[in-house]
There are 2 protein chains.
Amino acid sequence: MFQKKGYAAARTRDIAEEAGINLALLSYYFRSKEKLFEVIVYETLSGFFQNLIDVLNDGSITFEEKIELLATNYITIFSKEPDIPLFIFSEVHSRSENLLGKFFIRRMLITSVFVQQFQEQVAAGKIKEPNLLHFMMNFLGITVFPFIIGKPFISALGRLNERQFSQLMEERKKLIPAWIKAIMSAE
Amino acid sequence: MFQKKGYAAARTRDIAEEAGINLALLSYYFRSKEKLFEVIVYETLSGFFQNLIDVLNDGSITFEEKIELLATNYITIFSKEPDIPLFIFSEVHSRSENLLGKFFIRRMLITSVFVQQFQEQVAAGKIKEPNLLHFMMNFLGITVFPFIIGKPFISALGRLNERQFSQLMEERKKLIPAWIKAIMSAE
DNA sequence: ATTTGATTTAAACAAGCGTTTAAATCAAAT
DNA sequence: ATTTGATTTAAACGCTTGTTTAAATCAAAT
């Protein structure tokens with residue numbers, strides 16, 4: 001409910017109904033809507049970042065393999081749960097009191113094998129633009145953004161049904177690594 | 001208020017206060033919160049699409065120049081009003097009853113000079129992936145997505161302040177055309 | 001069979017919400 | 001100076017919201 005409608009639009013009564021329990025039971029278990037929401041946010045973000053951490057720190061796979069793996073993983077995840085990306089960005093946006101700080105993404109990232117590999121690629125001249133932030137914005141933009149504009153948008157533009165949209169995303173699993181590679185070599 | 005907090009979280013009393021008018025005056029002018037919201041959505045989307053239409057149908061500029069122009073335009077706009085992208089995608093997401101259909105984006109797009117130019121590039125072998133949707137997802141992903149993950153995210157990752165974030169976006173005005181070009185040639 | 005404590009419920013509460021009402025104010029026309 | 005109609009206001013309305021209360025139900029232990 002939170003993921004689909006956001007915090008403010010989600011009603012505790014609807015949540016209780018969907019859970020098949022009584023309204024008061026929510027308060028009994030979670031004390032408040034806010035507390036329940038924090039649980040959901042934490043679980044959602046944990047799932048989101050755990051996959052990231054595991055891949056980024058895997059020393060047995062190359063830089064290019066990581067890109068391939070991340071793209072396919074996220075496309076698989078978000079194809080099954082398409083509400084998650086927008087949920088994360090929306091709620092982080094409106095509750096920017098560092099909801100993210102708790103996950104130590106910065107430290108996790110800069111100490112990762114991935115960033116080390118990134119810098120090696122830069123040093124070797126394989127990556128022209130050395131700013132990691134640009135790289136991440138590009139990769140996430142190409143990979144995650146389609147799920148943010150989402151089905152309604154794509155449907156309006158291309159008259160695709162759900163199945164065709166999934167097919168399109170499936171195609172991107174193979175296309176994205178080539179595109180990212182091209183971006184890295186550019187300029 | 002709607003753009004920053006979304007429909008459900010925005011309070012009519014806060015809107016009235018921010019507008020410097022009495023609460024009842026909102027109802028007098030707009031009948032309801034819903035009607036006011038529709039006005040805001042319409043104005044926001046109009047601004048968003050008008051620029052698009054103007055650029056896409058300009059016969060006097062090349063395909064590559066269009067990409068350059070669109071990237072710089074959107075980065076300029078969203079740097080000034082960073083809440084707009086997330087607002088559009090959030091509200092379209094949760095109110096998918098074709099809020100978009102009214103803008104005839106599909107027709108506007110497929111009859112545009114831009115799409116014609118795109119197909120010429122495909123025919124000439126300059127663009128390897130012929131699916132326009134992939135191209136659009138990539139372009140918008142690279143251009144718009146940074147404003148969706150936004151300052152809070154980038155700040156958490158790169159410890160940037162507002163000024164540095166803008167600087168980063170400014171850099172992208174020149175980088176994006178090269179990246180898109182690289183993507184088009186890829187594979 | 002009773003007791004005990006956790007679980008679940010129906011009902012109500014107080015606060016906040018969007019909206020309406022009815023009166024006051026103002027500017028322009030007569 | 002009055003009238004007229006639009007504009008603005010204070011106040012309240014009725015409904016929905018998140019939350020609490022107090023009682024009922026249940027399962028396990030004595």
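Helix 9 of chain B passes helix 10 of chain B in a right-handed crossing; a crossing is left-handed if the near helix is turned anticlockwise from the far one by less than a right angle, and right-handed if clockwise. This is a predicted model, in which local features need pLDDT of at least 70, side-chain atom pairs count only at pLDDT 80 or more, and totals for chains, interfaces and linings use all residues. Residues are numbered from 1 along each chain as its sequence is written, while chains are lettered from A and ligands numbered from 1 in the order in which they are written.

**Helix 9 and helix 10 of chain B**

- Two packed helices are described by the angle between their axes and the distance between the axes.
- For helix 9 and helix 10 of chain B the angle is about 160° and the axes are 10 Å apart (axes are lines fitted to C-alpha atoms, for helices over the stretch in contact, and angles run from 0 to 180 degrees between N-to-C directions).
- The two helices of chain B are therefore roughly antiparallel to each other (angles under 35 degrees count as roughly parallel, over 145 as roughly antiparallel, 65 to 115 as roughly perpendicular and the rest as oblique).
- Residues of helix 9 of chain B that meet helix 10 of chain B include B:Phe139, B:Ile142 and B:Pro146, and among their counterparts in helix 10 are B:Phe165, B:Met169 and B:Trp179.
- By class, this contact of helix 9 with helix 10 in chain B has 10 nonpolar, two polar and two charged residues (Ala, Val, Leu, Ile, Met, Phe, Trp, Tyr, Cys and Pro count as nonpolar, Asp, Glu, Lys and Arg as charged, and the others, Gly among them, as polar).

**Chain A**

- Chain A has 10 helices and zero strands (helices, H or I with at least four residues, and strands, E with at least two, are DSSP runs numbered from the N terminus).
- The C-alpha trace of chain A spans about 60 × 40 × 30 Å along its principal axes.

**Where chain B touches chain A**

- In chain B, 45 residues are in contact with 45 residues of chain A (two residues are in contact if their C-beta atoms, placed from the backbone, lie within 7 Å).
- Helix 6 (84-94), helix 7 (105-110), helix 9 (132-158) and helix 10 (162-185) of chain B are the elements that give two or more residues to this side.
- Helix 9 of chain B provides the largest share, 18 residues.
- The side of chain B that touches chain A has 28 nonpolar, 13 polar and four charged residues.

**How the two chains are related**

- A rotation of 180° with 0.0 Å of shift along its axis superposes chain B on chain A, with RMSD 0.0 Å (copies are superposed by least squares on the C-alpha atoms of residues with pLDDT of at least 70 in both).
- That is the relation of a two-fold axis.
- In chain B, the C-alpha of B:Gly141 is nearest the axis, 2.0 Å from it.
- The same surface serves both copies, as 100% of the contact residues of chain B recur in chain A.

**The DNA strands**

- DNA strand C is surrounded by 15 residues, of which the closest are A:Asn22, A:Ala24, B:Ala24, B:Ser27 and B:Ser32 (a residue is near a molecule or strand if its C-beta atom, placed from the backbone, lies within 6 Å of it).
- Helix 3 of chain A gives the most to the surface near DNA strand C, with four residues.
- Around DNA strand D there are 15 residues, and A:Ala24, A:Ser27, A:Ser32, B:Asn22 and B:Ala24 come nearest.
- The largest share of the surface near DNA strand D, four residues, comes from helix 3 of chain B.
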